[in-house]
Structures are given as C-alpha cells and as structure tokens.
Amino acid sequence: MASKAGRLVALEGTSGPDVEATARKLVRALCDKPSEGGVSVWDSSNIFYELRKGDTKGLNPAPRTLLLLYAGDLAFRLRWEIQPALDEGLIVVAAPYVESAIAFGKALGISKRWLVELFSFAPRPHACYRLKEKKDAPEWKVKRSAGYLEFCCKTLLSAPPAWDAKKIRSRFIDYLDALEKRGSCRTLTEKTLGNS
C-alpha cells in the first residue's frame with residue numbers, strides 16, 4: 001500500500017518573525033499530531049546568516065543577486081527539508097516560499113518572466129496563504145536578522161542607488177494583493193488557524 005502524499009503549503013508575508021511564528025501555528029492547525037508536519041523557514045542553508053555575521057563592508061549585493069541567493073537557499077530547503085518530508089507524507093509549511101521572492105523582485109522592477117524562470121525549479125504548493133499586513137504599519141522594522149524582505153531592504157539601504165524600504169514593502173504588498181485577487185493566494189484567518 002502506498003503511503004499518503006505530503007502537502008506543501010506556502011506562507012508569504014512581509015514580516016519575517018510573524019511569518020515564522022504563524023507558520024508554526026498553521027502546522028498545528030493542519031496536523032492531527034505534531035509528528036505529521038513541520039516548517040521550512042528561509043535561510044535554512046545559512047547563506048544569509050553568513051552575510052549577516054561575516055565581514056560585509058563593501059559587500060552590497062544587488063537585487064538580482066539577493067534573488068539568486070534566495071533561489072539557492074530555496075533549492076537547499078527543497079532538497080534537504082521539504083522534499084524528504086513530502087516523500088514521507090508530511091505537511092510542510094514553507095515560510096516564505098516562492099511568491100515572497102517574486103513580490104520582492106517585482107517591487108524593484110524586475111521582470112516577472114525572469115522571476116518565474118528563476119523559480120521554475122520549485123514545485124507548486126498545494127495551498128498558498130499570506131499574512132495580511134497594513135502598508136503603512138509603523139511597527140515594521142528593517143532588520144537584517146528578521147526575515148527575507150527585511151534583510152534585503154536593509155542590504156539595499158546601505159548601498160547606492162538609494163532605495164526606499166517603505167516603497168519596496170508597499171509594492172510587495174501590492175503584488176500579494178493582486179495574487180489574492182487572482183485566487184492564487186488567500187489571506188490566512190484565525191478560522192484557518194483554528195484560533196490557536
């Protein structure tokens with residue numbers, strides 16, 4: 001008898017700590033037992049950790065480089081975390097997954113075609129959720145250690161040309177809004193989380 005197929009669930013959003021914490025709640029809501037699922041978070045490969053902790057004076061990766069690094073990290077996550085868990089029939093919440101990287105690229109004017117081709121190696125998730133955030137949230141901070149978008153914005157702020165982190169975040173949210181309008185992603189609700 002074949003084992004049941006695993007399910008890949010994407011969770012996208014602008015605040016790294018909120019996405020990661022919510023991903024853990026989502027796994028609990030989707031699984032009958034803790035052993036039936038897990039979370040795969042960005043920077044599992046430590047690419048960005050090394051950039052944060054190393055001597056990065058004068059190292060200011062361009063937007064496409066940041067996207068290529070994310071693609072490398074995602075390939076690592078797929079190979080060593082996500083696919084093995086799916087093969088075992090588990091539920092995996094990828095926090096974030098492909099759409100956050102595409103949203104970041106689109107926010108900087110990178111062509112959708114290039115972005116889609118870059119992430120064509122990644123399997124489609126069975127479901128895609130997003131955290132609904134206010135565009136003008138005053139509490140959103142640009143910290144290199146917080147999450148992918150925060151890391152990228154902090155990196156871009158320290159290099160020419162001058163980038164505006166609030167505009168990048170606003171365009172990122174616009175992309176997720178459009179994705180939701182097309183039915184490709186849904187806002188995660190307390191009902192989905194089972195009020196956990």
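**Aromatic contacts, core and cavity**

Modeller: About 90 Å³ of space lies in the largest cavity. The model is predicted, and local features need pLDDT of at least 70, side-chain atom pairs pLDDT 80 or more, while totals for chains, interfaces and linings use all residues. Residues are numbered from 1 along each chain, and side-chain values use heavy atoms, without hydrogens or water.

Colleague: What lines the largest cavity?

Modeller: There are 16 lining residues, and Gly 13, Gly 16, Pro 96, Gly 147 and Tyr 148 lie nearest the centre. Helix H1 (16–30) and H6 each supply at least two residues of that lining. A cavity is a set of points on a 1 Å grid where a 1.4 Å probe fits but cannot get out, and lining residues have an atom within 4 Å of a point. The structure holds two cavities of 30 Å³ or more.

Colleague: Why is the pair of Trp 42 and Phe 48 called tilted?

Modeller: The ring centres of Trp 42 and Phe 48 are 4.9 Å apart, and rings pair if their centres lie within 6.5 Å. The planes of these two make 50°; under 30 degrees would be stacked and over 60 edge-to-face, so the pair is tilted.

Colleague: What makes the pair of Phe 48 and Phe 151 edge-to-face?

Modeller: Its planes are 75° apart, with 5.1 Å centre to centre. Phe 48 lies in helix H2 (residues 47–53) and Phe 151 in helix H6 (residues 148–157), so the pair ties together parts 103 residues apart in sequence. Helices are DSSP runs of at least four residues, strands of at least two.

Colleague: How do you know whether Phe 48 is buried or exposed?

Modeller: Phe 48 has 0% relative accessibility. Buried means under 20% relative accessible area and exposed over 50%, with a 1.4 Å probe, so Phe 48 counts as buried. Phe 151, also at 0%, is buried. Trp 42 is buried as well.

Colleague: How many aromatic pairs are there by this rule?

Modeller: Nine. One aromatic cluster is formed by Trp 42, Phe 48, Tyr 70, Phe 104, Phe 119, Phe 121, Tyr 148 and Phe 151.

Colleague: Why is Arg 79 said to sit over the ring of Trp 80?

Modeller: The charged end of Arg 79 is 4.2 Å from the ring centre; the rule asks for CZ of Arg within 6 Å of the centre and within 35 degrees of the ring normal. Arg 64 lies over the face of Trp 114, at 4.5 Å from the ring centre.

Colleague: Which residues of the largest nonpolar core touch the most other members?

Modeller: Tyr 97, Phe 104, Phe 119 and Tyr 148, out of 43 residues. Such a core joins buried nonpolar residues through side-chain atoms within 4.5 Å. H3 gives the most to this core, with nine residues.

Definitions and conventions: Phe/Tyr/Trp six-rings, centres within 6.5 Å; stacked < 30°, edge-to-face > 60°. 1 Å grid on protein atoms, 1.4 Å probe; cavity = no way out; pocket = protein on both sides within 12 Å on 5 of 7 lines; lining within 4 Å. Points joined across faces, edges and corners; volume = space filled by probe spheres on them.
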